[in-house]
Amino acid sequence: MKKATKKKWSDYLWIAELCYLFLGLFNILFAWLGMLFFCIPLFVAIFGGSKAYCNRYCGRGQLLGLLGEKLKLSRNVPPPKFLRSPWFRYGFLTFFMIMFGLMLFSTYRVFTGAPLSQTVTLLWVFKLPWQWADVSFVAPWIGQFAFGFFGVMLTSTIVGLVTMVLFRPLSWCVYCPMGTMTQGICKLRNGKKSKEYGRTGKEDSRTAEGAGQ
Amino acid sequence: MILSRKMASIGKECVACGCCTRVCPKEAIQIAWGISARVDQEKCVGCGKCAKVCPAAVIDIVERGAAQ
Ligand code: SF4
Ligand code: SF4
Ligand code: SF4
């Protein structure tokens with residue numbers, strides 16, 4: 001029998017994710033709100049030592065789960081082995097951070113006087129003209145960051161949706177840079193404690209070995 | 001306490017996404033320290049629901065004792 005689980009407010013954060021995407025389409029400056037999705041998981045991992053954000057509060061994860069499981073848009077097959085390998089996860093994180101760094105650099109260039117580029121870059125190569133956005137009432141670098149950051153958020157959403165359709169609903173979580181970073185922080189912070197706890201033997205010992213790495 | 005013959009066993013490539021914790025009918029899995037999922041051997045009934053959703057495909061349903 002299926003257990004009756006009472007829904008909590010945190011189960012509806014997928015709505016926040018959808019609102020974010022729509023708001024960004026209407027006014028690019030809303031892209032700045034995405035910094036919350038970027039900073040909160042890091043703060044939770046650094047100061048709380050947990051992946052509570054991924055486990056309970058990630059609207060993106062919830063959205064992918066809803067589309068894949070409830071709407072059955074996912075083929076629901078395990079992702080290929082290479083995609084699940086540590087080198088791919090860390091390689092993708094490195095690539096993602098380099099692209100993020102380049103985006104910050106172009107923001108800096110606009111800050112120092114370069115002209116604003118009203119484009120949103122999708123999938124790191126496709127530059128979509130975004131002329132309808134009015135950013136004349138803020139400093140150019142604020143607008144530039146919004147264009148760049150919205151591109152990052154749209155790109156990761158698209159990649160997440162494609163992997164959701166092709167593989168299991170939350171396959172994106174296997175190599176999501178935020179997930180990799182927060183797990184890495186938790187490993188650095190809690191690795192030793194976790195290893196000691198694993199020796200108590202009540203839990204599956206295979207996990208205990210892996211967790212302490 | 002009678003334990004089921006099978007139980008879930010988590011591999012070390014777990015990404016701690018928490019998908020398995022949401023589907024487990026016995027609340028037998030937890031994400032420990034933000035590092036990896038851990039199965040409470042006493043609570044797990046070996047139903048395999050967690051293994052079906054795990055995006056990293058690291059959950060095996062094994063005979064009790066084989067995971068130790
Ligand atoms: S891995 Fe990424 S998408 Fe998945 S729950 Fe964590 S932050 Fe969200
Ligand atoms: S096999 Fe079933 S009972 Fe055991 S951890 Fe997985 S979902 Fe829970
Ligand atoms: S679903 Fe798989 S990868 Fe995610 S926490 Fe559970 S065992 Fe780990």
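The following legends describe close-up views of a predicted model.

**View 1. Secondary structure of chain B.** Chain B contains two helices and four strands. Read from the N terminus, these elements follow the order β-α-β-β-α-β.

**View 2. Overall dimensions of chain B.** The C-alpha trace of chain B extends over about 30 × 20 × 20 Å along its principal axes. Chain B has a radius of gyration of 11 Å, which agrees with the value near 11 Å that a compact globule of 68 residues would have.

**View 3. Burial and contacts in chain B.** Of the 68 residues in chain B, 56% are buried. Among contacts in chain B with a separation of 6 or more, 60% are made by residues 24 or more positions apart.

View 4. Chain B has an accessible surface of about 3,100 Å². Carbon and sulfur atoms contribute 52% of this surface.

View 5. A disulfide is a covalent bond joining the sulfur atoms of two cysteines. Zero disulfides are found over all chains in a search of the whole structure. For Cys19(A), the closest cysteine sulfur belongs to Cys58(A) and lies 15 Å away, which is too far for a bond, because a disulfide requires the sulfur atoms to be within 2.5 Å. Cys19(A) is partly exposed, with a relative accessible area of 39%. Cys54(B), with a relative accessible area of 8%, is buried, since buried means under 20%.

Methods: Residues numbered from 1 in each chain as written. Chains lettered and ligands numbered in written order. Predicted model: local features only at pLDDT ≥ 70, side-chain atom pairs only at ≥ 80, totals over all residues. Heavy atoms only, no water. Rg over C-alpha atoms; globule rule 2.2 N^0.38 Å. Buried < 20%, exposed > 50% of the residue type's maximum accessible area, 1.4 Å probe, protein only. Contact = heavy atoms within 4.5 Å. Areas by Shrake-Rupley, 256 points an atom, 1.4 Å probe, with all protein chains shown as cover.
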